[in-house]
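Reader: I have a model open and would like to talk through how it is put together. Could you walk me through it, one question at a time?

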Amino acid sequence: MNKRKLILLFFVCILFVQTKTQAQDSNTIDEIVSIVGDQIILKSDIESQLLDLTFPDSKSAWLAKCEVFKSTLYQKLLLNQALIDSLEISDETIDGDINRRLAYFISQIGSKEALEDYYGKTIGEIKDEMKAPIKEMKLAEMMKNQVVGDVKVTPKGVKEFFHNLPKDSLPFYNTEVEVSQIVIYPKPTDVAIEKAKKKITELRKRIVDGDKFENLAILYSEDDGSATEGGDLGMRSKSEFVPEFSAAAMRLTEGTLSSVIETEFGFHILELLDRKGERIHVRHILIKPKINSESIKNAKKELLEIKDKIKNDTFTFYDCAYLYSDDEATKNNGGGILDEESGATKIAVNKIDASLFYIIDTMQVGSISDPLPMMTIQGRKAYRIISLKSKTPPHKANLIDDYPKIQTLAENSIHQKTLEKWLKESYQNTYITIKEPLSRCEFLKEYENKKE
């Protein structure tokens, strides 16, 4: 499956909005196919999840549509109960979830620009459109967690679950590795810093003297995501920005210009356009100190010195990651790179970036690589050294190598049974109508037959 199809599948919430918008633009009224309590399911909610997918025959297409409807119906049952129970979720939590999803989508498709180009929308517009679907998803998730509770399976229970699995249905796991990293960002020289600071100061003076902020942002800002929008970042929670940036914005009054501020990304000037509580609407101009060959040379040198400390047993790799790594996401767990979906320390090799895989494939367990170039999700150039901690060959699941996974499977099995019982009871106790042809989906035979 290519990256664009992968993005399409993960980005269902955006497609919901796009499909509805396109329907409105073409003067087509979207059809309500089901009512679940106070919630509705639209035809586009189902069809949008099937876009870009092909099926060998009409039966397969019908089964897929029923599976999508089943999942959507369950989500609406959970959401309906969450609203009845007055469950709440903060804007900050929603914004944080959106940012994490976007970071992952961007890493898969290649860049912010590629994502914007694919959807024909700016990152700010995409974020705005994600808010309502993400809020619904998070509320349904909260309700689900309340239903299934915090189940922990004992070691005895894990063993019983494993031994009761049919031998021919045991999971097969691909090659897995445990990898740690120490990341160093090339530091700009003092000369480069002063040059960038002088340029941003001159731009600020031009704005004070009457030049339009948005024109200078388009011409000079080095924030590729907002420059074409005149530096406009849209209305966002202050928690989305680094502390120095949000603190400067919160000190401003509407229409005022900040002094030059410095963040990890470079030097900024910003103008506050609007503020609603903890949410701010600003535009900014970013000038980055340039990274030259001397900066890169120094970063590599620093990593080689760190590698020598580890080889000479002066420090462990874990300690050096905590002391020296510039990557906040991994430094506090010894540089360990985690599976983005499960959070596990062991990662299937097919989930690792191809450029990193080729390096790991040539390494021995316990070895450390030479400095390697990398690009962060935020588009920053960096260098890192890699430690290969373990490598597990392809194998069928067993209790020795895969105990944490089997424990998770056992807990998930209990969760699923508890959730299915709740869903059946909720279905019986909730006002539900389902239109043809979806009312003929096979899974509905388990429930009271409610049709329209």
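Reader: What percentage of the residues in the protein chain is buried?
Author: Happy to start there. This is a predicted model, in which local features need pLDDT of at least 70, side-chain atom pairs count only at pLDDT 80 or more, and totals for chains, interfaces and linings use all residues. Residues are numbered from 1 along each chain as its sequence is written, and side-chain values use heavy atoms, with hydrogens and water left out. Taking buried as under 20% relative accessible area, exposed as over 50% and partly exposed as in between (1.4 Å probe, protein chains only), the buried share of the 452 residues is 43%.

Reader: How many helices and strands are there in the protein chain?
Author: Helices (H or I, at least four residues) and strands (E, at least two) are DSSP runs, numbered from the N terminus. The C-alpha atoms fill a box of roughly 75 × 60 × 40 Å along the principal axes. Within the chain, the count is 15 helices and 13 strands.

Reader: What share of the contacts with a separation of 6 or more comes from residues 24 or more positions apart?
Author: A contact here means heavy atoms within 4.5 Å. Of the contacts in the chain with a separation of 6 or more, the share from residues 24 or more positions apart is 67%.

Reader: Which residue in strand 2 is the bridge partner of Ser-34?
Author: Strand 1 (residues 32-36) pairs with strand 2 in the antiparallel sense over 4 bridges. In strand 2, the partner of Ser-34 is Ile-41.

Reader: What relative accessible area does Leu-438 have?
Author: Leu-438 is found in the segment after strand 13. Not counting residues up to four places away in sequence, Leu-438 touches Val-33, Trp-62, Lys-65, Phe-69 and Leu-444. Leu-438 and Cys-66 are 372 residues apart in sequence, yet 6.9 Å apart in space, C-alpha to C-alpha. Leu-438 counts as buried, because its relative accessible area is 6%.

Reader: How are helix 8 and helix 15 oriented to each other?
Author: Two packed helices are described by the angle between their axes and the distance between the axes. The axes of helix 8 (residues 155-164) and helix 15 (residues 403-429) come within 9 Å and cross at roughly 85 degrees. Angles under 35 degrees count as roughly parallel, over 145 as roughly antiparallel, 65 to 115 as roughly perpendicular and the rest as oblique. The two helices are therefore roughly perpendicular.

Reader: How many nonpolar, polar and charged residues form the contact of helix 8 with helix 15?
Author: Pro-155, Val-158, Phe-161 and Phe-162 in helix 8 meet residues of helix 15 including Tyr-403, Ile-406 and Leu-409. Ala, Val, Leu, Ile, Met, Phe, Trp, Tyr, Cys and Pro count as nonpolar, Asp, Glu, Lys and Arg as charged, and the others, Gly among them, as polar. The contact of helix 8 with helix 15 divides into 8 nonpolar, 2 polar and no charged.

Reader: Which exposed residues are on the face of helix 8 turned away from its buried side?
Author: In helix 8, Gly-157, Val-158 and Phe-162 are buried. They lie on the same side of helix 8, because they cover an arc of only 135 degrees around the axis, taken from the directions from the helix axis to the C-beta atoms. The buried residues of helix 8 pack against helix 15. The face turned away carries the exposed residues Lys-156, His-163 and Asn-164.

Reader: Which residues of helix 15 does helix 7 meet?
Author: Helix 7 (residues 123-148) and helix 15 pack at about 105 degrees, with their axes 9 Å apart. From helix 7, the residues in this contact are Lys-144, Val-147 and Val-148. Their partners in helix 15 are His-415, Thr-418, Leu-419 and Trp-422.

Note on methods:
Two strands pair if DSSP finds at least two bridges between them. Axes are lines fitted to C-alpha atoms, for helices over the stretch in contact, and angles run from 0 to 180 degrees between N-to-C directions.
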